[in-house]
Every structure is written in structure tokens, then in C-alpha cells.
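Subject: A structure for you to look at

Hello,

Here is the structure I promised to pass on. Please have it open while you read, as my notes follow below.

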Amino acid sequence: MVIDLKRCVGCNSCTVACRAENGTPPGILYHRVEKYESGKYPAARMQFRPIPCMHCQEPACLEVCPTGATYRREDGIVLVDHNKCMGCRYCVLACPYEARHALRRINNYYGPAGRTPYEMLRQKDLDKGTAVKCDFCVDRLEKGRLPACVETCPSQARYFGDLDDPESEVSVLIAVHRGTVLREELGTKPSVYYING
Amino acid sequence: MVVNHPEGQKEWGWLVVLYVFLAGLGGGTFLFSFILSFVDTYSAAAQIGTLVGPLLVALGSVMLLFDLGSVTRAYRLFTTPATLLSSWMIRGAWILTGFIILGLAYALPAFSSFDWLPWEQTSGFGLGLGVAAAVLAIVVTVYPGLLLGVIKSIPLWNTSALPPLFFLSGLDTGLAALVLISLAFSPAVGVEGFHLLGAIDAGLIMLLLVALGAYIEIVRQAGVTAAASIRLLMTPLFISGVVVSGLLLPLAMFIYGIYLSDVQSVRLLDGIASLLILTGGLLLRLGIIRSGVRIVIR
């Protein structure tokens, strides 16, 4: 995935689309947008950085997982097998991007009314007490669609494709705009690149 | 760049703090008890100590189980050996289990209700068990420092200065526990026996002061997040509970105790010093685990 920070306006549509797609319960965000100030007055400005799971090639979360619940598919997507996760939260601490959450309980938004049928459908694979994270909308990918955050972005700041193919749109964008990854020095080799504004 | 409002991690709380404390304490207790069990003066107290050590580690392990989000899947720690290649948590699970089993197997035959066990503590096999458990005890004491130390996203933990700190503190608290056990056997231990324990403990405290000082100063210089963690760590509770009453005061008490010849006064002094050491050991781990600030991403 490539995120063009010059185009990002910090609207959080990606975050909302992610919530809607995955039916995440209150307190659980698979995606967030960090706002921060850069530069000094009078040249100071507000900047935004959307942060999904980086689907690293050398994931810190996978390295520490004691039960083999976290795994990396051949196409590079990092997933959690909820039937294997015992909820030690070692991965939540180890992820340098804070992309993982411990699902302590599944709360609902509507109090005594309980969960909506939509939430129940979306949350059917969630397991209380396990680690949860962004899966690049793997269900949608298998149907040939784009991840919800990519499809939704109103300023078209996000691109999704095959990093192994040097001619894919994402590879070309990274090469032309000198895309960077977050915290490269940690050696996690993220698959999410940023084009800096 | 400054980390404006640093917050310690919230994922691991009291149960992990207690585990890290009990693992160091249990490992240290067993190690000292095993070594001193060969000295007549201490053999009765050490016999209890070799039993208490594995039991404390087992209690700590139970704390970890309670901390899990899905306890029913904890068995997976023993059914997925492939992750032994990468994860310190699963290595720890095997090390803890091995130590608890071997430690108990060594300690139990010394008690009359377990004389049905087909081996003696003093036999070659029994001693072998003891030596193996003692080696594992060292690993059990160091291991929490590795469990935390490999987490790259938390600079307060991600330093090679942490495992030696936990190791020395484990030894220090373990010896304190043995002093407390020895209080019940004071006629056998005698004033000289307490003097020797006090002298060893004073030496350990000095090493621990060096290790703690080096740890704090090195982490403080290791970047903005690390410096923010150290500011969070240095609370009045940490300085008074760990540094002053957990290390400096017991050091002074042990040294003063060496100059006393009345067994009752030495017992009292060493007993209080040991309780202070145990409290300091717990607060040290609480501080380090609570103050683990995550690196800023951008």
C-alpha cells in the first residue's frame, strides 16, 4: 500500500470506512489518523498520517507470538488466527506501530439494545480475549475489490497493489516519489509506504 | 523533539509485575538455598528454601495464566514448538515448567511426607536434579529481563542493561527470602551465620546499586522516548521505596549488623532489612513495567 501524505487532508474517512467494513466494537481501531504539528511558527503546519497495519515483511508481532497464532501469508498479508491466540498481548506491545489491539470484551454502541444484526455479522469471527488488527480487508481482496480505506479515500491518497511487481502502480509511485516507510531502522520492513509532503 | 505527555504502556499490569517479581524471587531463593544447603549451619533453612523457590515461581506462573485473554488456549504454549525459534515467551514457558518440575523433584524427598519418592536428595540422581534446577534457576531469574528486553518498541526495556538488573535483583530478593526463612532456624544459623548472609547481601546490594545506576543513566541517554520513560520512572515512590528503603537502608542495616554480636538484635535487623529488600524488589519491577513508554512513530 502507498499513502500519499501530500493528498491526505486528515478527514478520517478511511478510519470510518474501516470501522464500518469490519464492524469493530467501541475502543478498537484497526486504522487511525495521527495529527501532528511540524515546523515552527510562522511556518508551522498541521500534518496527518494515516496508520493501518504495516503488514511488515519481518513483523515484530510474528516474531514474539508464542503460539503461532500470528502468521504471514504468501502474498505478504499478516493475519491472526483467533483459534490459536491465547491473549498474552506480547504482540500488542511488540508492534512499533501500535497497530494491534487486545479485544478484552466486545462492547456494543447501543447499550441495552445490544448488538445490531450487522455488527453480529461483522463480528462473528472476533474472539474475546485475543489480539485483533487490520487484515487489509482480505475478504474484499479475495473478491477482487480494494481495501475499504483505499476505496473510500475522497482525496485519493491511497494506492493498493503488488509491491513484488516492479511495474505495478504502487512500485512506480514508490520509485518516482521516493516513498519511505515508518521506523525503517527497526528492520521490520513495512509494506505500507508513504509519499511525504 | 520532546515527548510531551508520555504515558506508560497499559497492556501489562499488576499480574505481570507480580510474575516478574516472583520469578526473580523464586529463582534467587532456590539458587542460594541449593548452594547453602551444603553448609551445615544453613541446611535446615536451605531445605525449606529449595521448596519455597519453585513454589514461588509456580505462583508467578499462575499470575501469568490469569493475565491471559483466553486461558483455555494456554496449552498451545506446549503444542507449538516451532515458535521456540523466535519467541521468548514460549522459551520462558518451557524454562519455567522445567525449573518448577526439577526444583520440586529435588526439594521434595527431603520432607518425610514425600519419602515414597524413589530417589534421595543426596543421591547422585538427586544432586543431578538439584544442579539442573540451579542452572534453570539462573535462567528463570534472567528471563523476565529478556521477555521485556526484546521489545524494540519500548526503549526503557529494550536494553542489555535490563537482564543483569533483574538477575541481581532476583538474587538480592532471593537471599532476603532465605534470611527470612533462617529466622525460624536461628539456633542452628547462629549469629555468625546471620553475619555471613548479611555480608553476602551487602555485597549484592552494592552490585545492584551499580547495575541500577548504570541502567538509569544509559537509558536516559538513549533518545527522547527513553528519557521520557526515565522521568516517569523516577517517582518519589521509586526513589524512596526502591533506592532508599529497598537498597541503601538495608545495606546500612546489614553492615551495622555485622558489628553486633547479640543474635536477637542481628535477627531483628536482618529480618527488617530483608522485608525492605522484598518491597523494593517489587516496586522496582512495578516502576519498570508501568513506565514503559512506546516510541513515537513519526
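**What I found**

B:Ser182 touches B:Ala45, B:Val189, B:Phe194 and B:Leu197, leaving out residues up to four places away in sequence. Before going further, please keep in mind that this is a predicted model. B:Ser182 belongs to helix α5 of chain B, which covers residues 162–182. With a relative accessible area of 0%, B:Ser182 is buried. A polar atom of the B:Ser182 side chain lies 2.7 Å from the backbone oxygen of B:Leu178.

Another residue in helix α5 of chain B is B:Phe167. B:Phe167 is partly exposed, with a relative accessible area of 23%. Apart from neighbours within four places in sequence, B:Phe167 is in contact with B:Ile138, B:Thr141 and B:Val142.

**Helix α3 of chain B**

Next, please turn to helix α3 of chain B, residues 88–107.

The buried residues of α3(B) include B:Met89, B:Ile90, B:Gly92, B:Ala93, B:Ile95 and B:Leu96. Further along, B:Phe99, B:Ile100, B:Gly103, B:Ala105, B:Tyr106 and B:Ala107 are buried too. What covers them? Within chain B, the cover includes α1 (14–36), α2 (43–67) and α4 (124–149). Chain A contributes as well, through its own α3 (90–94).

**Chain A as a whole**

Chain A has 7 helices and 9 strands. Its C-alpha atoms fill a box of roughly 50 × 35 × 35 Å along the principal axes. For 197 residues, a compact globule would have a radius of gyration near 16 Å; chain A has 17 Å, which agrees. Of those 197 residues, 52% count as buried. Among the contacts in chain A with a separation of 6 or more, 57% are between residues 24 or more positions apart. The accessible surface of chain A is about 9800 Å², and 49% of that belongs to carbon and sulfur atoms.

**Salt bridges**

Side chains of opposite charge can pair when their charged atoms come close. How many salt bridges does a search of the whole structure find? Over all chains, there are 17. I picked out a few for you.

A:Glu21 forms a salt bridge with A:Arg122, with 4.0 Å between the closest N and O atoms. A:Glu21 lies in helix α1 (residues 13–22) and A:Arg122 in helix α4 (residues 117–122), both of chain A, so the pair ties together parts that are 101 residues apart in sequence. A:Glu21 counts as buried, at 15% relative accessibility, whereas A:Arg122 is partly exposed, with a relative accessible area of 33%.

The side chains of B:Arg294 and A:Glu98 also meet in a salt bridge, at 3.7 Å from N to O. B:Arg294 lies in the segment after α9 (263–290) of chain B, and A:Glu98 in the loop between α3 and β6 (100–103) of chain A, so this pair joins two chains. B:Arg294 is buried, with a relative accessible area of 16%, while A:Glu98 counts as partly exposed at 31% relative accessibility.

Back within chain A, the side chains of A:Glu151 and A:Arg140 meet in a salt bridge at 2.9 Å, N to O. A:Glu151 is in helix α6 (residues 148–152) and A:Arg140 in helix α5 (residues 138–142) of chain A, so the pair ties together parts that are 11 residues apart in sequence. A:Glu151 counts as partly exposed at 45% relative accessibility, and A:Arg140 is buried, with a relative accessible area of 6%. Salt bridges that share partners join A:Glu21, A:Arg122, A:Arg140, A:Arg145 and A:Glu151 into one network.

Definitions and conventions
Residues are numbered from 1 along each chain as its sequence is written. Chains are lettered from A and ligands numbered from 1 in the order in which they are written. This is a predicted model: local features need pLDDT of at least 70, side-chain atom pairs count only at pLDDT 80 or more; totals for chains, interfaces and linings use all residues. Side-chain values use heavy atoms; hydrogens and water are left out. Helices (H or I, at least four residues) and strands (E, at least two) are DSSP runs, numbered from the N terminus. The expected span of a helix is 1.5 Å times one less than its number of residues. Buried means under 20% relative accessible area, exposed over 50%, partly exposed in between (1.4 Å probe, protein chains only). Contact means heavy atoms within 4.5 Å. The radius of gyration is taken over C-alpha atoms; the globule rule is 2.2 Å times the number of residues to the power 0.38. Accessible areas come from the Shrake-Rupley method with a 1.4 Å probe; for residues, only the protein chains shown count as cover. A polar contact is a pair of N or O atoms within 3.5 Å; within protein, one must be able to donate a hydrogen and the other to accept it, and residues adjacent in sequence count only if both atoms are side-chain atoms.
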